Amino acid sequence: MRRISWRSPVVLILGFELIIALWVVVRVATVYLDLHSAQTSAMTVESALRDQHAESVGDQVSHLQKRAHAAASGSSGPTWKLFEHVPFIGDDARTIADLSVVVNDLAQNVVPPAVEAGRMVQAHGILDQQGALNLPVIERVTPDLRRARAGVD
């Protein structure tokens with residue numbers, strides 16, 4: 001009969017810890033890539049709105065929302081909560097989780113009404129033919145701007 005060495009349990013424990021470490025690295029990398037992708041989409045949306053191309057940002061807004069939601073989902077749950085308690089890096093994990101929630105909230109609740117207001121202003125102009133404020137357009141975009149403002153508060 002063969003004796004079980006003390007090394008066998010140590011190797012199993014180290015192997016298990018390595019698998020957990022790899023899982024955490026994959027989760028962190030996935031959340032990072034989702035946040036980076038959301039940032040790129042947000043910059044594209046901002047640039048298009050500033051250049052008065054609001055009609056062309058629909059796909060980017062959708063992509064921003066999907067990536068922001070994925071980041072928020074990826075940085076929540078029991079695995080991530082456990083990761084937040086790891087010494088030295090737990091604070092960073094909490095910061096990433098908080099950032100993901102904020103980015104997701106902005107992507108879902110602030111960006112769509114702001115883009116809609118931008119589309120309306122771009123399509124109809126903020127000034128009428130005589131250079132006066134186009135009050136009907138301002139009245140139409142006010143609810144969208146209020147929703148966007150409420151999302152920021």
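I call a residue buried under 20% relative accessible area, exposed over 50%, and partly exposed in between (1.4 Å probe, protein chains only). Before going on, I noted that this is a predicted model, where local features need pLDDT of at least 70 and side-chain atom pairs count only at pLDDT 80 or more, while totals for chains, interfaces and linings use all residues. Residues are numbered from 1 along each chain as its sequence is written, and side-chain values use heavy atoms, with hydrogens and water left out.

**Entry: a surface patch**

I started with Phe88, which sits in the loop between α3 (78-83) and α4. My helices are DSSP runs (H or I, at least four residues), numbered from the N terminus. Phe88 has 84% relative accessibility, so I logged it as exposed. Together with Val86 and Ile89, Phe88 forms a nonpolar patch on the surface, with about 330 Å² of accessible area for the three together. Areas come from the Shrake-Rupley method with a 1.4 Å probe, and for residues only the protein chains shown count as cover. Patch members need over 30% relative accessible area and no salt bridge; nonpolar side chains (Val, Leu, Ile, Met, Phe, Trp, Tyr) are joined within 5 Å, and like charges within 9 Å.

**Entry: aromatic rings**

Rings of Phe, Tyr and Trp (its six-membered ring) pair if their centres lie within 6.5 Å; planes under 30 degrees apart are stacked, over 60 edge-to-face, and the rest tilted. By this rule I get 1 aromatic pair. The partners are Trp80 and Phe83, edge-to-face, with 5.4 Å centre to centre and 75° between the planes. Both lie in helix α3, 3 residues apart, about one turn of the helix. Trp80 counts as buried because its relative accessibility is 1%. Phe83 is buried as well, at 12%.

**Entry: Asn104**

Is Asn104 buried or exposed? It is buried, because its relative accessibility is 15%. Asn104 belongs to helix α4 (residues 90-109). Leaving out residues up to four places away in sequence, Asn104 touches Gln65, Ala68, His69 and Ala72, where contact means heavy atoms within 4.5 Å. I also found a polar atom of the Asn104 side chain 3.2 Å from the backbone nitrogen of His69.

**Entry: salt bridges**

Side chains of opposite charge can pair when their charged atoms come close. My rule asks for a side-chain nitrogen of Lys or Arg within 4 Å of a carboxyl oxygen of Asp or Glu. The structure holds 5 salt bridges, and I wrote up some of them.

- Asp34 pairs with Arg67, with the closest N and O atoms 3.0 Å apart. This pair links distant parts of the chain, 33 residues apart: Asp34 is in helix α1 (residues 7-50) and Arg67 in helix α2 (residues 58-74). Asp34 is buried at 10%, whereas Arg67 is partly exposed at 25%.
- Glu46 pairs with Arg50 at 3.9 Å between the closest N and O atoms. Both are in helix α1, 4 residues apart, about one turn of the helix. Glu46 is partly exposed at 46%, and Arg50 is exposed at 55%.
- Arg119 and Glu116 meet at 3.7 Å, N to O. They are about one helical turn apart because they sit 3 residues apart in helix α5 (residues 111-124). Arg119 is partly exposed at 29%, and Glu116 is partly exposed at 32%.

Conventions: Helix = DSSP H or I, 4+ residues; strand = E, 2+ residues; numbered from the N terminus. Polar contact = N/O pair within 3.5 Å; in protein donor to acceptor, adjacent residues only side chain to side chain.
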